[in-house]
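Work through these exercises with the structure open. Try each task before you read its solution.

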Amino acid sequence: MIRFDQVTKRYDSGYEALHDLSFEIEAGEMVFVTGHSGAGKSTLLKLLALIERPTRGSVALAGQNLNQTRRRGIPRVRRGIGMVFQDHRLLMDRSVFENVAMPLLIAGLPREETAKRVRAALDKVGLLEREKATPITLSGGEQQRVGIARAIVAKPPLLIADEPTGNLDPKLSTEIMELFAEFQQVGATVLVATHDLHLIRRMGKRVLVLDHGRLIDDFRPPVVGA
Ligand SMILES: Nc1ncnc2c1ncn2[C@@H]1O[C@H](COP(=O)(O)OP(=O)(O)OP(=O)(O)O)[C@@H](O)[C@H]1O
């Protein structure tokens with residue numbers, strides 16, 4: 001599903017955020033990416049979403065070498081990816097419902113089906129009651145959950161999330177991770193960048209550890225308390 005082959009990313013500033021990174025993720029896996037602040041986690045996710053391009057090496061997604069994707073091909077690649085970012089990038093002048101509906105509107109889904117799916121996604125993140133609210137009136141954690149609902153609503157084959165539980169308390173963080181795991185159980189590939197080692201330990205999924213842009217570990221912890 002995902003293949004990084006000797007990927008190096010050097011920003012225009014000259015800073016090398018990723019160095020000679022190689023790994024593979026099978027379709028249907030759920031994987032955490034962790035490491036210190038500045039280790040390169042966000043950069044890794046941005047390469048998959050074609051927000052950034054590698055300086056050397058190649059990134060492949062679903063058998064397609066993304067290095068060969070031209071500008072006009074980018075929306076098609078992104079339609080296959082649900083993205084949750086740290087700054088959830090919600091439209092502040094639209095309702096929660098409209099924000100979550102956006103990917104389905106773009107896909108041209110009929111209105112009734114859209115409403116059904118949006119409510120199912122909001123229900124999953126515990127925000128069904130807030131569908132008419134504007135994001136500005138919600139707490140940081142609630143806004144985060146609207147972003148998550150929007151990422152999963154179109155059921156993309158790949159979900160990538162950058163610190164999706166950053167603003168959430170431990171209970172809610174666990175619930176969100178369980179939601180991601182459910183998403184994996186129905187066949188999606190899930191890649192989550194996080195600092196939260198407790199959460200990683202609890203989930204018992206594969207972990208990639210970055211240190212100054214290098215992959216220093218790739219392991220699966222035993223599940224605790226299972
Ligand atoms: N657009 C950019 N231009 C120059 N340097 C950048 C850019 N984006 C990121 N960097 C640098 O690349 C390094 C890796 O950043 P990245 O955001 O990938 O790390 P991260 O592991 O996600 O960190 P955090 O956990 O703090 O979000 C950092 O030192 C950062 O300052």
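**Exercise 1.** Find which residues of helix H3 (residues 96-107) are buried, and name the helices they pack against.

*Solution.* Keep in mind that this is a predicted model.
Step 1: go along H3. Val-96, Phe-97, Asn-99, Val-100, Ala-101, Pro-103 and Leu-104 are buried.
Step 2: look for their partners. These buried residues pack against helix H4 (111-124) and helix H5 (140-152).
Step 3: check what comes after H3. Gly-108 follows, and its phi is positive, near 75 degrees.

**Exercise 2.** Decide how many residues of helix H1 (residues 41-48) are buried, and find how many H1 gives to the shell around the ligand.

*Solution.* Step 1: list the buried residues of H1. They are Lys-41, Thr-43, Leu-44, Leu-45, Leu-47 and Leu-48.
Step 1: turn to the ligand. Among the residues surrounding the ligand are Lys-41, Ser-42 and Thr-43.
Step 2: H1 gives three residues, the largest share of the shell.
Step 3: sort the shell by class. It has four nonpolar, seven polar and one charged residues.
Step 4: leave the helix. Leu-50 follows H1, with a positive phi near 60 degrees.

**Exercise 3.** Explain why Met-30 is buried.

Step 1: count. Met-30 has 21 other C-beta atoms within 10 Å. The cut-off is 20 or more. Therefore Met-30 is buried.
Step 2: find contacts beyond four places in sequence. They are Phe-180, Ala-181, Gln-184, Val-190 and Lys-205.
Step 3: Met-30 and Thr-189 are 159 residues apart in sequence, but 5.8 Å apart in space, C-alpha to C-alpha.

Methods. Residues numbered from 1 in each chain as written. Predicted model: local features only at pLDDT ≥ 70, side-chain atom pairs only at ≥ 80, totals over all residues. Buried ≥ 20, exposed ≤ 12 C-beta atoms within 10 Å, placed from the backbone. Helix = DSSP H or I, 4+ residues; strand = E, 2+ residues; numbered from the N terminus. Contact = placed C-beta atoms within 7 Å. Near = placed C-beta within 6 Å. Nonpolar A, V, L, I, M, F, W, Y, C, P; charged D, E, K, R; others polar.
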